[in-house]
Amino acid sequence: MDQSPGLNPSQGADHTYAYERGHGPYQPHEPGYGLDQPDYSPYDDQIPDPKARMLAIQNAKAYLLKTSTTSGLNLYDHLANVLTKILDEQPTNTVDIIENISKDVKWARFQKKMDTLRDEYEIPPTYEAAEKCKALFIKENGEENEEIIEEEIGHSPLPNVMETAFYFEQAGVGLSKDESYYIFLALKNLTSVQPIQTCRFWGKILGLEMNYIIAEAQLREGEEEEEAGEEVTEEEVKGMDEVEEQDEEKEKEDEPPKSTYKPPPDIPKEENGTGANKYVYFVCNEPGKPWVKLPPVTPAQIVCARKIKKFFTGRLDAPVVSFPPFPGNEANYLRAQIARISAGTHVSPTGFYQFPEEEEEEEGGDTYEENPEFEPPAVAEMVDSLSTWAHHVKNILKQGRCVWINPQKLEEKNEEEEEDEEEEEEMDEQQAETGPPLLTLLSEDEGIKDIPAWTAQHSTNLIPQHSVAIIQSNRWPGAYAFASGRKFENIYFGWGHKYSPENYTPILPPPVQEEYPSGPAITEARDPTLEEELAFKAAQEALAAGEEEEEEEEEEGDD
Amino acid sequence: MEAQSLPAALALVAGGGAGLSPEKRAALGVSLTLLQHNYRFERVWFWGCIQGVRGSYYIAEGLRPDRAAPRIRLYSLNCLDWSLLTPATKEMVAQAEQLKGRFQGDPSFEYNFAEINPQAAETLFEGGKEPVIKEEARLIATIEQIDRAVGIVPRGAFVKTPLGSVHENRHFEGLSLVEAKKLSSYFHFTEPVNLKNKTLLEKANLDPSTDFLDSLEHDIPQGEQRCLTEWKVGGRKNILYDS
């Protein structure tokens, strides 16, 4: 039988009248039969009179309302609070935790409800990143807008990053769509700020603290700033020479012998716009951050970069501590690796580019142009045979340049300028270095041990009509290229290092140089002891005596 | 990664450039569910993929109710048909360590020890076995090594019951920003090695239900794991790179 809901809480405390209401008619076979009638309840003999019952209730209530002498609370209010809390919160297994609830209600009386301090609003940690990214989405307002729109519609240097990302996604390569879109917007900013003729998303190089997003661009002709830095250093060097000569004249007598070592001449870097410096590279750590232009690469940096393997930290001004010591900081190292990767892995379908017909240059032709009569081969062909792909970036020679320069000629040029009086050493004639010419087919790329240089696959085997041909480089893990009809693109996602089956070991330092040639004149020998000297003297005398005897005999003979 | 949350998880890890094509993603969604049913796994995790020269291996792990039990690994070449891999033995791992170079992409390819290490080949020969190792065995050993070195879970994600079995912690809400940057809040999800060597003072701070695995702090070389925080608008993801 259910107790009727809505029982007055104060009545619940009074056991005497617990069963007064709510129990329905009892059936004859049940034990409570007949007890709910007035005058038949089992407690009737205790308080039979209704008036007295009311009095008893009031007495009980008054007792409950008695204020405690120690705490100032009264049981009536406390129980009311407890039951209100229970009914509000409706915890499970209330009867087991009733004491705790009672304790909590008493404890809560001592807490101040009003807190005068308000919590400071916590700036979410992604706030700064969001601000920067929002800046990407703002369109420039003003009159310039209309002019820019007209120009851009005609010829836009901005690449379609989303389209490229879609094709690469078919290959399972690429960044998330959001990130690709941010990069798209960041490139748009770049093209509006810098005077860029063509632009391309080169790829992403991962770093230890931050990553690099790299864009490859060609600046509009005539817009390149000459590097004032180089001129300054040349003047400084000349000034230093003059000072040194003056010092020499003063101290010529006290100078220790000068070394005859002449360091090999610095191989000059290639001009901007040719060879390894054909493109200009801009990097940023994240889309939204400002783009930084990377300095052009020098052959010395490329030669050194081939010998070291360092992870990028993500800060362009970080020093590169290595052996052999890298001439530059992380920005230079990054640029050198970008040059090597581009030279090794930028490919296009064979025939897409061709040499211009009016070529009068030497074999090292640097220019190519699109072939208007190019007919793209079928995707299956592109995957099966690597001769359908060709490099379109010049290979970097061992010297560190794309076009070989004779260091001897450099030296002679330098000597004429400086007018040194030192003797010229004859250098062995170096053989001109040659590399594979531009537009070499991929099938001629050497693999590493028994691993081919490239792996080609279809993007999907299930739907061959729409599949895309994808090749990935095994020499530079992370370099991918796709081709679908006339569209093709290269990209790089990775750490920026070449593949080597063995772990990297840095080169050992060179052996200690010989200070002087060792010969018998300066090699140390033990001083002869006294006995040896005496013996030697005796032998000498014997010899002299022997000779005199021979002379005497000869003289006698002559007579 | 959990099979059901694969697409979301892939979007987060895409910063490195590696990912799955839509075809593979769709195929995985289908075949992992079937796998779970066929092998009666409680959960299926997509472990990752190993790229060989001619093809790639896609690896999945199936979990039974006790997460600390030895994993059941399967591999597939096309994300649809899965083959069971036997558990790794120490012998396999030792042999595979001598092999260098990339995977070929063909599970029945045999590496000839005679070319790589003649001495080892001879010892094997004397033992009565042929000095070859199949690529499948190399795959098993490599996966085991990778998992041992970089199989990482955040602290609090798994709890150990007093009976010894390990379960996911349903109350785990993720690490807070400060905690996520510390290496000590990540654990290797393998048999603990360093735990016994801790001093009593350190052990007193540990909570036996959540701190029953090796933390990353003491990995040698120090700082090999780099905690890179990439601030993505709308969220922040922590990528742990192991160099």
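Strand E11 (residues 479–484) of chain A pairs with strand E12 of chain A in the antiparallel sense over 6 bridges; two strands count as paired if DSSP finds at least two bridges between them. Within this pairing, Phe482(A) has Glu489(A) in E12(A) as its bridge partner. Helices (H or I, at least four residues) and strands (E, at least two) are DSSP runs, numbered from the N terminus.

The model you are looking at is predicted: local features need pLDDT of at least 70, side-chain atom pairs count only at pLDDT 80 or more, and totals for chains, interfaces and linings use all residues. Residues are numbered from 1 along each chain as its sequence is written, chains are lettered from A and ligands numbered from 1 in the order in which they are written, and side-chain values use heavy atoms, with hydrogens and water left out.

**The sheet in chain A**

- An open sheet of 8 strands runs in the order E4-E3-E2-E1-E12-E11-E10-E9 (chain A), with mixed pairing.
- Its edge strands are strand E4 (292–293) and strand E9 (454–458) of chain A, and each pairs on one side only.

**The sheet in chain B**

- In chain B, 4 strands make an open sheet in the order E1-E2-E3-E4, and the pairing is antiparallel.
- Strand E1 (43–51) and strand E4 (83–85) of chain B are at the edges with a single partner strand each, so one side of each has no neighbour in the sheet.
- From one strand to the next, the twist averages 30°, where axes are lines fitted to C-alpha atoms, for helices over the stretch in contact, and angles run from 0 to 180 degrees between N-to-C directions.
- E1(B) and strand E2 (residues 56–63) of chain B run antiparallel and are joined by 8 bridges.
- Which residue in E2(B) is the bridge partner of Gly48(B)? The partner is Ile59(B).

**A salt bridge across the chain**

- Side chains of opposite charge can pair when their charged atoms come close.
- Over all chains, the structure holds 15 salt bridges (a side-chain nitrogen of Lys or Arg within 4 Å of a carboxyl oxygen of Asp or Glu).
- One of them joins Glu163(A) to Lys487(A), with the closest N and O atoms 3.1 Å apart.
- This pair links distant parts of the chain, 324 residues apart: Glu163(A) is in helix H7 (residues 161–170) of chain A, and Lys487(A) is in strand E12 (residues 487–494) of chain A.

- How many cavities of 30 Å³ or more does a search of the whole structure find? There are 2.
- On a 1 Å grid over the protein atoms alone, a cavity is a set of points where a 1.4 Å probe fits but cannot get out, and lining residues have an atom within 4 Å of a point.
- The largest cavity holds about 150 Å³ of space, a volume being the space filled by probe spheres set on the points, which are joined across faces, edges and corners.
- It is lined by 18 residues, and the closest to its centre are Gly275(A), Ala276(A), Lys278(A), Tyr279(A) and Val393(A).
- Helix H11 (residues 330–345) of chain A gives the largest share of this lining, 4 residues.
- The second largest cavity has a volume of about 40 Å³, and its lining includes Gly62(B), Leu63(B) and Arg64(B).

- Most residues other than glycine have a negative phi, and most peptide bonds are trans.
- Phe323(A) and Pro324(A) are joined by a cis peptide bond, with omega about -5°.
- Gln90(A) is not a glycine, yet has a positive phi of about 50°.
- Look for Gln90(A) in the loop between helix H3 (75–89) and helix H4 (94–108) of chain A.

Notes
1 Å grid on protein atoms, 1.4 Å probe; cavity = no way out; pocket = protein on both sides within 12 Å on 5 of 7 lines; lining within 4 Å.
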